Amino acid sequence: MSKSFRFEAAHDLPTFPEGHKCRRLHGHSFKFDVIVEGEVDPAKGYLIDYGDIKRVVDPIVKRLDHYYLNEIPGLENPTAEALAVWIWNRVKEPLPQLASIIVHETCSSMCEYRGE
Ligand SMILES: [Zn+2]
């Protein structure tokens, strides 16, 4: 099961080669998917309430939306890879069924982190 979230943010990527376009300050309409997995409780017929995912993830979205990501502690080099790990680290404890985080930087570029 997955639930998607969106936020707008600016970043620059200081480890890219000199002159690379990603080194310049720019923004994205980021999207990320929170994927959970587990056994469906036969009595309930569902794995998790989508609202429970939203309750955990909304404060994280708030921390990212309309910010300059490089200024957020732990995101000094805010690549899609770093962002996926950063989000994972904040979701895994409150949502133990978490299986992966997929960060979409653009509609054709995504990065998946499965916690290893
Ligand atoms: Zn970028």
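1. A donor is an N, O or S atom within 2.8 Å of the metal, with a cut-off of 3.2 Å for Na, K and Ca. Since water is not among the atoms, a site may look incomplete. In this predicted model, the protein donors of the zinc ion are the NE2 atoms of His11, His26 and His28. These donors lie 2.0 Å from the zinc ion.

2. How are the donor residues of the zinc ion spaced in sequence? The spacing is H-x14-H-x1-H. His11 belongs to strand β1 (residues 2-11), and His28 belongs to strand β2 (residues 26-36). The two are 17 residues apart, and the pair links distant parts of the chain. Are His11 and His28 buried or exposed? Both of them are buried.

3. Next, the chain as a whole. The protein chain contains four strands and two helices. Following the sequence, their order is β-β-α-α-β-β. The C-alpha atoms occupy a box of roughly 60 × 25 × 25 Å along the principal axes. Of the 116 residues in the protein chain, 40% are buried. For contacts between residues at least 6 apart in sequence, 59% join residues at least 24 apart.

4. Helix α1 covers residues 50-64 and helix α2 covers residues 80-91. Their axes come within 10 Å and cross at roughly 140°.

5. Which residues of α1 meet α2? On the α1 side they are Val56, Val57, Ile60, Arg63 and Leu64. Their partners in α2 are Leu83, Trp86, Ile87, Arg90 and Val91. By class, this contact has eight nonpolar residues, two charged residues and no polar ones.

6. His66 deserves a separate entry. This residue lies in the loop between α1 and α2. His66 has a positive phi of about 60°, although it is not a glycine. Most residues other than glycine have a negative phi. His66 has a relative accessible area of 63%, and therefore counts as exposed, the cut-off being over 50%.

7. Lys31 is in strand β2. Why does Lys31 count as partly exposed? Its relative accessibility is 24%, and partly exposed covers the values between buried, under 20%, and exposed, over 50%. Leaving aside residues up to four places away in sequence, Lys31 touches Ser4, Phe5, Arg6, Ile102, Val103 and His104. Of these named contacts, Ser4, Phe5 and Arg6 fall within the residue range of strand β1, 2-11.

8. Met110 is in strand β4 (residues 109-113). Its relative accessibility is 47%, so Met110 counts as partly exposed. Met110 touches Ile102, Val103 and His104, again not counting residues up to four places away in sequence. Ile102, Val103 and His104 are also among the residues touched by Lys31.

9. Asp49 sits in the loop between β2 and α1. At 36% relative accessibility, Asp49 is partly exposed. How far apart are the C-alpha atoms of Asp49 and Met110? They are separated by 26 Å, and the two residues are 61 apart along the chain. For Met110 and Ile48, 62 residues apart along the chain, the C-alpha separation is 25 Å.

Terms used:
Residues numbered from 1 in each chain as written. Predicted model: local features only at pLDDT ≥ 70, side-chain atom pairs only at ≥ 80, totals over all residues. Heavy atoms only, no water. Axes fitted to C-alpha atoms, helices over the stretch in contact; angles between N-to-C directions. Contact = heavy atoms within 4.5 Å. Nonpolar A, V, L, I, M, F, W, Y, C, P; charged D, E, K, R; others polar. Buried < 20%, exposed > 50% of the residue type's maximum accessible area, 1.4 Å probe, protein only.
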